[in-house]
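Biologist: I have not looked at this structure before. Could you take me through some of its features, one at a time?

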Amino acid sequence: MSKSNDKALSFVDPDDIGYNDTKNDHFSTILDARLSRRSLLRGGAASIASAFVGSSMLTACGGSDNVATPTTPTTPTAPTEKLLGFAPVAKSLLDSVIVPAGYTASIIYALGDPLTATTAAYKNDGTDTDYENRAGDHHDGMEWFGLSADGKASLTSVDRGLLGVNHEATTNEKQPSFFLHANGGTASLPRPASEVDKETAIHGVSFVEVRKVNGKWEYVKDSAFNRRFTCLTDMELSGPVRGSALTFTKYSPTGVKTRGTLNNCGTGKTPWNSFVTGEENWAGYFTRNATDDTARSGEKSIAALKRYGSSQGGASRHGWETGGTDDKYARWNISKLGTSADGKDDYRNEMNGMGYIVEMDPYDKAKPAKKRTALGRFAHESAAFSKAVAGKPLAVYMGDDSRNEYIYKFVSTANWDAADANTTNPLAIGDKYLDSGKLYAAQFNADGTGKWVELTLSNAQIAAYAAYKFADQADICVNSRLAADAIGATKMDRPEWCSVNPANGEIYYALTNNSNRNINPTGSSQLAPDSANPRAYTDMKGTSAQNGNPNGHILRMKEGAEGSAALSFTWDVYLFAAEASADAGKINLSSLTNDQDMSSPDGLAFSPATGICWIQTDDGAYTDVTNCMMLAGLPGQVGDGEKVTLNYTKSDGSTLAVTTYVGKKPSADTLKRFLVGPSACEITGLAETPDGKAMFVNIQHPGETTAAANIADPSKYTSQWPSNAGYGAGKRPRSATIVITKNDGGRIGS
Ligand code: FEO
Ligand code: CA
Ligand code: CA
């Protein structure tokens, strides 16, 4: 089953991919002004007084170990302090985590940290094994689940809890996972089984207990709650796709289960206190033989595979399929190799088991994960729940992060019953709300309105779609991208995380960047700017031109009168990311200052405690000036800004006028940089204790720009964090969770 050994590995940036070349409409029609113009006063630049953080030391905050046993959900308390009272952090290229003066950040949980009493300490020299019992790599989305003193689920505990942590991927620079292997590992095929086994184990999710002892946060190595999910853990398919012939495999001939979760990026927390994780760039881990389209001749599966980025002969990201003859390696080759009509004798359908929102019970290790297939299959980021209103359905907002992909929402069939918040069996409540409902994709209009279009065979555009013949709703859930193509959803600038503003229910989406926006689009993948994705420009990074929308923006939406079940919405752009010095009329449309400027917003989460909108970056465009960062915002609401028309001149001399809606420009008091990370990292993941006084954040892939050839020379690593901050053995950089506290015991962001 292994592919030929002369095939190369694939080293494209999996985040920077796009397969959507359908001809959906764009929205550049100019309509009347919808919003009134407002003038804004800007505050002066704040002084910089920052704390360099990097050590594993902690400041004593005098916290007690008092743990209450909760019975009701927490409600955010009204802020009594001045939010964003801290002095903004300056941009930085240091190999350190920097937070404002008065704050302390401490490292508590890094790649390889043992999760059982008997697991050996992490040596961090490439010889470590047993990753099924260690923290995985590339910490990403993260959620907090409180624990009472007697070890029960708690909605109010503030000093003991579980963190659910995504482990998205591992650092590859023309050599798979080289920091995990003593000499950097094997860059050619076949890959040794010992290397593959490490790499499959560092992907997935971990649940880890954390606690505050004598004022200091630590993770609990021997906690009975610690748990790992890897890309080989048995998982159930739930919802419309369960039992579909599209998921029949040798491993699950009835299509009811699959192995593992993969490339877990954003997360979410359900109103019933369970963890959900999004599977993002999973397609690149699979391979197909060079003649697989011939083997599948006449089948619609070819169109489906291509739409999700799987071409025959395409190399896989790690070459895991070459690890040996065992089934756990063979599954990564999804070629049609068997003789069956339905795929029960091979792994031709294996990739249809990846790409979902997956629900997990943080507290019960006996419960399997469930893939909630009704929420669609694409490059999932976070899953943001609408405010739960008794008697109304729940909405789940989601994005598909590839260039030119779509924004989605799922609306539950069941109406919310507040009693379900206190369940001891969250996956059963998940069955109720997440396995039955309607899936929608978004269309954005140039007048600041938009609509949700249901993805259903009842829609004639889907039923009669020429490019793909859908069989049933399971087929629509597996091939959501194709269904959204059929109804003409709006192609977006890479939808990353979304989050719901607890103050007013509005939905925020980070659109991280898009190199395929162009005033003069060529080929099938380039798009002209439109109202909701209105910028196409060139930003210089040294002598390198970054074209398209290199800095990204944050869109926000307000549902119509029906709330979660509304079929229409209004929208504007909360923020356009940009360099402070960029042209304010064309690029820096939100007039960001040096205390606020940013590029490529990615992680985005509202604090339930303070209501602050936290923005995290995963950038490659502004990294000549600053490492990635986290900012705190106090946004207003859809419609609080102004209408702006961008006038472009095309190469043939004609003009293109694009109208957009720019949210109220932030002041020095409503948007501030709070944190800058170490070298060559991404800032991601955000979880808080319910009192808002401890914030957990992830530093992903420090030093990812290191050349694999330099593995033996730590002085050439582009980061040595967190060892340079006193955490752990060895000098190889490690993804890690930090905890941020305020030295005066106050809430984070005040
Ligand atoms: Fe894993 Fe699209 O970020
Ligand atoms: Ca630049
Ligand atoms: Ca992301």
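Biologist: Is Met540 buried, partly exposed or exposed?
Modeller: This is a predicted model, so the answer is computed from its predicted coordinates. The relative accessible area of Met540 is 41%. Buried needs under 20% and exposed over 50%. Met540 is therefore partly exposed.

Biologist: Which residues supply the protein donors of the calcium ion (ligand 2)?
Modeller: The donors lie 2.2 to 3.1 Å from the ion. Met540 gives its O atom, while the other donor atoms are OD of Asp539 and OE of Glu579. The residues are Asp539, Met540 and Glu579.

Biologist: How are these donor residues of the calcium ion (ligand 2) spaced in sequence? And how many residues apart are Met540 and Glu579?
Modeller: The spacing pattern of the donor residues is D-M-x38-E. Met540 sits in strand S25 (residues 537-541), and Glu579 in the loop between strand S28 (568-576) and strand S29 (601-606). The pair thus links distant parts of the chain, with Met540 and Glu579 39 residues apart.

Biologist: Is Glu579 buried or exposed?
Modeller: The relative accessibility of Glu579 is 13%. The limit for buried is under 20%. Glu579 therefore counts as buried.

Biologist: Which residue's side chain makes a polar contact of 2.7 Å with that of Asn551?
Modeller: Asn551 is in the loop between strand S26 (544-548) and strand S27 (553-559). At 1% relative accessibility Asn551 is buried, and the residues it touches include Asp539, Arg535 and Ala578. The side chain that joins Asn551 in this 2.7 Å polar contact is that of Tyr537.

Biologist: How far apart in space are Asp669 and Ala632, C-alpha to C-alpha?
Modeller: Asp669 lies in the loop between strand S33 (655-662) and strand S34 (671-676), where it is partly exposed at 44% relative accessible area. Leaving out residues up to four places away in sequence, Asp669 touches Lys82, Leu84 and Leu634. Asp669 and Ala632 are 37 residues apart in sequence, and their distance in space is 10.0 Å.

Biologist: Which residue just after H1 takes a positive phi?
Modeller: The phi angle in question is about 120°. The residue that takes it is Gly204.

Biologist: How much space lies in the largest cavity?
Modeller: The whole structure has four cavities of 30 Å³ or more. The lining of the largest cavity includes Leu111, His138, Phe179 and Arg734, and it divides into five nonpolar, five polar and two charged residues. The space in the largest cavity is about 70 Å³.

Biologist: Which strand gives the most to the lining of the second largest cavity?
Modeller: The second largest cavity holds about 50 Å³. Its lining divides into two nonpolar, six polar and three charged residues, with Lys257, Thr258 and Arg259 among them. Giving three residues, the largest contributor is strand S11 (residues 257-259).

How values were computed. Residues numbered from 1 in each chain as written. Chains lettered and ligands numbered in written order. Predicted model: local features only at pLDDT ≥ 70, side-chain atom pairs only at ≥ 80, totals over all residues. Heavy atoms only, no water. Donors = N, O, S within 2.8 Å, 3.2 Å for Na, K, Ca; no water. Helix = DSSP H or I, 4+ residues; strand = E, 2+ residues; numbered from the N terminus. Buried < 20%, exposed > 50% of the residue type's maximum accessible area, 1.4 Å probe, protein only. Polar contact = N/O pair within 3.5 Å; in protein donor to acceptor, adjacent residues only side chain to side chain. Contact = heavy atoms within 4.5 Å. 1 Å grid on protein atoms, 1.4 Å probe; cavity = no way out; pocket = protein on both sides within 12 Å on 5 of 7 lines; lining within 4 Å. Points joined across faces, edges and corners; volume = space filled by probe spheres on them. Nonpolar A, V, L, I, M, F, W, Y, C, P; charged D, E, K, R; others polar.
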